[in-house]
Amino acid sequence: MRIFAISDVHVDFPENWAWCQQLSRTSYLNDVCIVAGDVTDRIQLLEKFLKLFSALFKAVFFVPGNHDLWLNSHESFVNSIEKFDAINSMCATIGVFTSPQKIGGVWIVPLYSWYHRSFEPDTSLNDESRIGWGDFGRCRWPSNVLNKEPFDVYSPHGNPDDYFLSLNEPHLHRYDAPVISFSHFLP
């Protein structure tokens, strides 16, 4: 068994989707693929991608990246957490792992994350400069994610980094075999 990792596939670009579709249908059937986010902002295309990779690999692990949680006019999600939950439900239906699994004597541990709020552009800048970084124009967070205490000077409107980190707490313990952990964002 081999373990492959890929990220930032961005299959919204036809040449990237074509590359995925031309992968061997037989060469990876005993292997694992870790997909560390940024596949697409369209959930239907993400589903097609994950189904394809599930057919190509013995097991697929996935965590969403920032682009996967972007909202767009083609979908009816109220916010990015609703989309996140829908992505996780879809993964469960397809058989894509989003939680720790032991496979081939190794634990693979997906970790949810978001970049730290200090990366947020200066809030005194106009909306156009903030939207230039798509995450601030295309992600929307519910109040239970944004209105965290204590107040943080880096992001007076909140940030989802603490929310995603809290989802990992049940998985932060000793494991009985080597561990491969992964996330979309650098620690």
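Helices, at least four residues long, and strands, at least two, are DSSP runs numbered from the N terminus. In this predicted model, histidine 10 falls in the loop between β1 and α1.

**Overall make-up**

The chain's secondary structure amounts to 7 helices and 6 strands. Read from the N terminus, the order of elements is β-α-β-α-β-α-β-β-α-α-α-α-β. The chain has 187 residues, and 48% of them are buried. Among contacts in the chain with a separation of 6 or more, 79% are between residues 24 or more positions apart.

**The loop between β1 and α1**

Most residues other than glycine have a negative phi. Two residues of this loop are described here for their backbone angle. Aspartate 8 is not a glycine, yet its phi is positive, at about 55 degrees. It sits in the loop that joins β1 (3–6) and α1 (14–21). Histidine 10, also not a glycine, has a positive phi of about 45 degrees, and its place is in the loop between β1 and α1.

**Packing of α1 and α2**

Two packed helices are described by the angle between their axes and the distance between the axes. For α1 and helix α2 (residues 43–56), the angle is about 25 degrees and the axes are 10 Å apart. That angle makes α1 roughly parallel to α2, because angles under 35 degrees count as roughly parallel. The crossing of the two helices, α1 and α2, is left-handed.

On the α1 side, the contact involves Trp17, Cys20 and Gln21; on the α2 side, it involves Leu45, Lys48, Phe49, Leu52, Phe53 and Leu56. By type, the residues of this contact between α1 and α2 are 7 nonpolar, 1 polar and 1 charged.

**Aromatic pairs**

The count of aromatic pairs comes to 14. Two of these pairs are set out below.

| Pair | Centre to centre | Angle between planes | Arrangement |
|---|---|---|---|
| Phenylalanine 84 and tyrosine 112 | 5.0 Å | 80 degrees | edge-to-face |
| Tryptophan 107 and tyrosine 175 | 5.0 Å | 50 degrees | tilted |

Why is the pair of phenylalanine 84 and tyrosine 112 edge-to-face? Their planes stand at 80 degrees, and planes over 60 degrees apart count as edge-to-face. Phenylalanine 84 belongs to helix α3 (residues 80–94) and tyrosine 112 to the loop between β5 (106–110) and α4 (127–131), so this pair ties together parts that are 28 residues apart in sequence. Phenylalanine 84 is buried, its relative accessible area being 2%. Tyrosine 112, at 9% relative accessibility, also counts as buried.

Tryptophan 107 and tyrosine 175 form the tilted pair, with 50 degrees between the planes. Tryptophan 107 is in strand β5, while tyrosine 175 is in the loop between α7 (161–168) and β6 (179–182); the pair links distant parts of the chain, 68 residues apart. Tyrosine 175 has a relative accessible area of 19% and is buried.

Which residues do ring pairs link into a cluster? The cluster is made up of Phe84, Tyr112, Trp114, Trp141, Tyr163, Phe164 and Phe185.

Notes
Residues numbered from 1 in each chain as written. Predicted model: local features only at pLDDT ≥ 70, side-chain atom pairs only at ≥ 80, totals over all residues. Heavy atoms only, no water. Axes fitted to C-alpha atoms, helices over the stretch in contact; angles between N-to-C directions. Parallel < 35°, antiparallel > 145°, perpendicular 65-115°, else oblique. Left-handed = near helix turned anticlockwise from the far one by under 90°. Contact = heavy atoms within 4.5 Å. Nonpolar A, V, L, I, M, F, W, Y, C, P; charged D, E, K, R; others polar. Phe/Tyr/Trp six-rings, centres within 6.5 Å; stacked < 30°, edge-to-face > 60°. Buried < 20%, exposed > 50% of the residue type's maximum accessible area, 1.4 Å probe, protein only.
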